[in-house]
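Please look over the sequence and the model below before reading on. The text then goes from one pair of side chains to the chain as a whole.

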Amino acid sequence: SDNMDLKNAISLAMKNEEMAMQKYQALAEDCEDPELKSVFNNLAAMEKDHKFKMENSFVNVAYPEVW
């Protein structure tokens, strides 16, 4: 939503990245084609990296006094 604060927006983005990662992992597990399986695994890894970056941003926004 346009009215969402930054902390909630990052939290939502983290959840979306996690859901995408899980979907790609499931597709890779169900795939018999080695090339396609590799594509899905690579996409899952990219989503995992995105989630990690969002988690770091969340910590910086949600707990600024720590830094």
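How many residues apart in helix α2 are E55 and K51? They are four residues apart, which means that about one helical turn separates E55 and K51. Before going further, note that this is a predicted model, in which local features need pLDDT of at least 70 and side-chain atom pairs count only at pLDDT 80 or more, while totals for chains, interfaces and linings use all residues. Residues are numbered from 1 along each chain as its sequence is written, and side-chain values use heavy atoms, with hydrogens and water left out.

Side chains of opposite charge can pair when their charged atoms come close. The side chains of E55 and K51 form a salt bridge, at 2.6 Å from N to O. The term salt bridge here stands for a side-chain nitrogen of Lys or Arg within 4 Å of a carboxyl oxygen of Asp or Glu. By this rule there are two salt bridges. The other one listed here joins K53 and D49, with 3.3 Å from N to O. K53 and D49 are also four residues apart in helix α2, which covers residues 34-62, so about one helical turn lies between them.

K53 is partly exposed at 47%, and D49 is partly exposed at 34%.

What does K51 touch beyond its neighbours within four places in sequence? K51 is in contact with M14, E17 and E18, a contact being heavy atoms within 4.5 Å. E17 lies in helix α1, residues 6-30. Leaving out residues up to four places away in sequence, E17 touches E47, H50, K51 and M54. E17 is buried yet has no salt bridge, and the nearest side chain of opposite charge, that of K51, is 9.8 Å away.

N3 is exposed, with 73% relative accessibility. From N3 to A26 there are 23 residues in sequence and 34 Å in space, C-alpha to C-alpha.

Now the chain as a whole. The protein chain has two helices and zero strands, where helices (H or I, at least four residues) and strands (E, at least two) are DSSP runs numbered from the N terminus. Its radius of gyration is 15 Å, well over the 11 Å that the globule rule gives for 67 residues, so the chain is more spread out than a compact globule. That radius is taken over C-alpha atoms, and the rule is 2.2 Å times the number of residues to the power 0.38. Along the principal axes, the C-alpha atoms of the protein chain fill a box of roughly 50 × 25 × 10 Å.

Buried residues make up 18% of the 67 residues in the protein chain. Among contacts between residues at least 6 apart in sequence, 58% join residues at least 24 apart.

Key
Buried < 20%, exposed > 50% of the residue type's maximum accessible area, 1.4 Å probe, protein only. Lys, Arg positive; Asp, Glu negative; His and termini not counted.
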